[in-house]
Amino acid sequence: MLNKNFLNFSVKLLLKEKGDYLFSFIIFGFIIFIVTSVLLISESIKRDLLVALQNEGQIIVKNTKGGRYYPLNDNHIDSLLQVSGVDDVIGKVDGYYNFAQDRRFFKIAVDDDLNDTSMVVSKDIYKILKDFKYEKEFNFLIPPKNKLTLQIKDVIDSTIISNNTIFVNEYIARQILQMEEDEYSYLDIVVPNSDEIENIALIIPRIFPNFLVLPNYEIEADYDHLYYYKGGIFMILYIVALISFFILLKNQISSVYGSKRKEIAILRSIGFSIKDIISLKFIQNFLVTVGAYFTALMLSYAYVFVFNAPLLRNIFLGEIEKEVVFTPIFDLKMLVLIFIFTVVPYLASILIPSWRLAIEDVSEAMK
Amino acid sequence: MSVFLLDSLVVFLFIELVILILNVISEVIVLRILRYWDFDASNSFQYSLERQNYLVNTIISFTIAVKIILFIFFVKSLDDLTPLVPGAMCATGVIGSNIYGNPLLLYKIFILFLLGVWMIINKLDLASKKLIFLKKKYYLFTVIFIMICIEFGLEILFFTNIPLTTPVFCCSVVFVVENLPFDLTTIDIVYIFYALFILTIVSNYYKKISISFILNILLMFVAYYSVTYYFGTYVYEEPNHKCPFCFLQKDYNYVGYFIWGFLFVGVFFGISPYLIYSIIEKNYERLLKYNTLFLSIFTALCSFFVIKYYIENGVFL
Amino acid sequence: MSKIVIENLYKIYNEGKDSEFKALKNINLNIEDGEIVIIKGVSGSGKSTLLSLMAAFSKPSRGRVLVDGENISKLPDIFASKFRNEKVGFIFQSFNLIDGLSVEENVVAPLVLCSSSQSELDSKLKNALKLANIEHKKEQNVVDLSGGEKQRCAIARALVNDPSIILADEPTANLDRENSLKFIEILKTFKKLNKVVVVATHDTIFDNLEFIDRYVSIANGEIE
Ligand SMILES: Nc1ncnc2c1ncn2[C@@H]1O[C@H](COP(=O)(O)OP(=O)(O)OP(=O)(O)O)[C@@H](O)[C@H]1O
Ligand SMILES: [Mg+2]
C-alpha cells in the first residue's frame, strides 16, 4: 500500500490542490514559528548562563558580614586549600561601578589579556557611553578625587551575561572597585571529583560560618527552575491556541473535503479502498505539516538569531537591554518536542474528516 | 513550583490526552460493533458498521505509532526531571521517587506489547474475506482501552507524587547492593542469561511457541538483571556504576535505547505468537524468526562491550 | 460457469422508510466470458443501479452477484476495491477524470495501488494509451481535452490494468454522433480482446449491431 507509486500519486494530487492547503500551511506554520521562537530565545539565554557557569570553579564562595557581601583575602584561600578534595582556590575580582551621570551601575569584570590603559565594553554600554560623548575613552571617577582614563579597545556583542559589563585587567579592576591587593570578591574552588562537591559544600560553612557557598549544580538548578516554568506556562497557554486552531482546521478541512467528494468517489471507483483514501489524505497532510514545520523552523532561526527577535525579546529582556544578541543554539530534543507538540495533534485532528471523506458512497461517481 | 510546568511534561500529557480522546471515540464505536455486528446481514446498518470499522482501525494504528514515540519521549522526560528532583542524577532517581514509577514503566511496556499483538491480529483480520477475527480483536481492544485509561491515571499519580524537596536515592544507591532474586550472584545471572538465550533460539528453531513464550518472559527479567548488574558496568567501564538508565544519556551515545529497544522488540516477537494463538487460534509462528534475530543482536551488543573492554584492558571488570 | 452470475438481485433505497424505493427487483442474469451485452431502458429504470452492483460500488439489499464464482456483494471494502481495481474497468457518462492532472497521470491512477516497477508501469500505460488512441495527448491536462478525447482517456484508464470486465454507463450520452460511432469501433476492439462488456444506455445508436451478443431491456427495475 505504501509504495513509491502511491506516494508519487499522492504528491501529484497534493500539488494540484495546494491552494486548499495554503490556509492550514500558513496558520500552522505561524503557530510553530511562535512556539519555536519563544523556546529558542529562552534556551539560548539559559545556555549562555550555563556556559558562563562552566568557566567558574565547581563551588563559588562569597563572604558576608552583617548580611552584606564582604571581601575575602589570602588567608581564606589558604585555609580552603587545606580541605581535602579541593584542588585549587582562585581569588576573583568583580563588582559594580556607579556611573552617576546616568544613575546606573556597570558591572566590572576581569579580562587579563588587557593592558593597563584599555578596556572592552559591550554594545549596550558603548551606546550609553556614546550618549555622554565618550566615544574613544572613558574616565572612571575614583573617590576621593582620582580619575582613571581607559581607552575603549573593543566593543563586543552583548549577550545575556555581558550586556552590562566592562572588562578590564585585574589591576585596573582593583583600582576601580577600590579593593586592596589581597582582597577578592569571591573565590572559585576547583574540585575535580564531582562526587565530592556536595560534601565539600557542606564542610566549608563549618569552617567559615559567614560564607555563602554556591555549588555549581545548585546554580544550574536555579537557572533550570527559572526557565522551565516560563517554558511550561507558555506551553499551557499555547495549548489553548492550538485547540482553537484545530477547531478552525476541522471546519476548513470539512469544507475543502466537501468539494472533493466527487474526486474521491472517482478514486474509489478505480479501486482505491477506504484505507487507501485515508492513507492518501494522511500522507498529504503529513507532507503539509512537515513542510510547515521545517519552513517555520528556518524562519524562527532567522528571526531569533539573525534579526534578534524584535518584539518577542522584550518579553524576556525588558526594554533596557536593547543590544543583547542571542547565541545560536541547536537543540535536537527541543525540535523533537515541538514536532510532537504540533504535528501529532494536527494529524490526530484530520483522522476523522479523512475517514468521513473516504466512506463517501462510490455510486456518487455515477451522478 | 510544579513538575506540570516542565515543557516536555506539558507536551507529553497533552498528547496522551489527545490519544485518550481518540480512543474514547473508538471505544464507543467498538462497543456498538461488538453489540450489533452481523457479517451476513445485508442492511445498511451493517454496512455502516463495516465502514466505522475502518475508522477504528485507523485510530488504533495511529495510537500505536504515537504510543511508541511517546514511550521514548516519556523516558527522555524522566531525564529532564532530574534537575528538579533533589538527589536524582538520572532517570533512576525520578522513576524510583515514588511507588508508581517502576510499575508504570513496566505497565507501559506491557500495553505496547498488547497493542503490537492487536496490530497483528488486525492485519490477519483485514486479510480474511469475512473479517473472522473482528470480534476478538475488538474484545482485545476493549481490554487495551481500559488499560490505557488506567495508564493515564497512573501517569498523573506518578507525576503529582514526584517529591521536589525531599531528596531521593539514585542509581549509586539503589543498585549498589546486588538485589538479585534467589540469592544469585551476578555471574550466575549472566550464565543463566546466555543459557536462556540459547534455549530460546533452539525453541524458536523447532517453532515451539508456548515454550518460546515462557522462555522469553524469563529472558526479559534475566536480561534486565544482567544488563543492570553486569553488562552495564562494561558500558560505563566502571565496576561500581550499576544503572539501567544512565546509558540512555548522551554521554554514552544513547546506546541504552538500542540495548533496551532490541530486547523489547525481540521479546515482543517471542511472546506474540503464543498470545495470538491463544486469542484467535491461529499459528503465526513465523514471528519467531524475528525473535531470534533481535535477541541475537541484543546479546551481541551486550557481549560486545565486555569483549571490547577485555581487548582494551586485558582484564575483566 | 458463467463469468458473471446475478441471482435474485434486489436494490431497495431507503429501506424501511417512507421514501423506500425498489430500484431493482429480482434480477437474474448470466453473462458469459467474452460476451458484449447492452442493457437498455428508459431513464430511471435502474440501469446504473445494476451496473453499480456489478462493479461492487454498492451493496445489494438482497441476492448476490458472483464474478468468477466469487460473491462480490459480500466482500469487505479492501477486497471489493481490489476487485474493482483488477477486474473491472468502468467508463462513466461524465468521464470522471481527475481535473488538474494530465492524461498520463489520470490513466496511471489505477496502477499506483500495486507496487509495480517503473518499467512495468510505463509499458502498461503505453499500451492502454495506444489502445484508446490518445497517446499523442498524454501530457495534456484533461481539463483542456475535447469530449471525445476525454472519453478516450477514460477508456485508457479503464483498460490500463487489463481488466476482464468493462462496464460502461451511458458512454455516448455526452458525445456527438461522430464520437459515438468511434466508441462503437472501440467496442469491437474490446470484443477482439475477449473482454466481457456491459453497456447501459438508452442511445439508439447501439441498436441492431451484429457484433453485440445480447440486448437486455429493463423497465421499472425488472428485466423484461
Ligand atoms: N441513492 C438513491 N436514493 C434513492 N433513490 C435512488 C438513489 N439512486 C437512484 N435512485 C432511484 O433509483 C431509480 C433508478 O436509478 P438509476 O440511476 O439506476 O436509473 P437509470 O436507469 O440509470 O436512469 P438514467 O438513464 O437516467 O441514468 C431512479 O428512480 C432513481 O431515482
Ligand atoms: Mg443512469
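1. Let me begin with a single residue. B:Glu281 is exposed, at a relative accessible area of 60% (buried is under 20% relative accessible area, exposed over 50%, partly exposed in between, with a 1.4 Å probe and protein chains only). The residue sits in the loop between helix H9 (255-280) and helix H10 (288-313) of chain B; helices (H or I, at least four residues) and strands (E, at least two) are DSSP runs, numbered from the N terminus. Phi of B:Glu281 is near 55°, a positive value in a residue other than glycine. Most residues other than glycine have a negative phi.

2. A word on what we are looking at. This is a predicted model, in which local features need pLDDT of at least 70 and side-chain atom pairs count only at pLDDT 80 or more, while totals for chains, interfaces and linings use all residues; side-chain values use heavy atoms, with hydrogens and water left out. Residues are numbered from 1 along each chain as its sequence is written, and chains are lettered from A and ligands numbered from 1 in the order in which they are written.

3. On confidence, the predictor assigns the complex an ipTM of 0.93 and a pTM of 0.87. The mean pLDDT (the predictor's confidence in each residue, from 0 to 100) is 91 for chain C, where 100% of the residues reach 70 or more. Chain B averages 88, with 99% of its residues scoring at least 70. Where pLDDT is low, the predicted coordinates should not be read in detail.

4. Please look at helix H8 (residues 209-236) of chain B, which bends by about 50° at B:Val227. The bend at a residue is the angle between axes fitted to the seven residues ending there and the seven starting there. Of the 28 residues of H8(B), 20 are buried, so the helix is largely enclosed by the rest of the structure. Just after H8(B) comes B:Glu237, with a positive phi of about 55°.

5. Chain C has a positive phi to check too: C:Asn8 takes about 45° although it is not a glycine. C:Asn8 belongs to strand S1 (residues 4-13) of chain C and counts as partly exposed, at 42% relative accessibility.

6. Of its 47 lining residues, A:Glu56, A:Asp94, A:Lys107, A:Ile161 and A:Tyr186 are the closest to its centre. By class the lining has 26 nonpolar, eleven polar and ten charged residues (Ala, Val, Leu, Ile, Met, Phe, Trp, Tyr, Cys and Pro count as nonpolar, Asp, Glu, Lys and Arg as charged, and the others, Gly among them, as polar).

7. For the search itself, on a 1 Å grid over the protein atoms alone, a cavity is a set of points where a 1.4 Å probe fits but cannot get out, and a pocket is an open set with protein on both sides within 12 Å along at least five of seven lines; lining residues have an atom within 4 Å of a point.

8. Helix H2 (77-87), strand S6 (88-91) and helix H5 (147-159) of chain C each supply at least two lining residues, and S6(C) gives the most, with three. The lining divides into six nonpolar, four polar and two charged residues.

9. Finally, H2(C) is mostly covered, with eight of its eleven residues buried. C:Phe79, C:Phe83 and C:Arg84 are among the buried ones.
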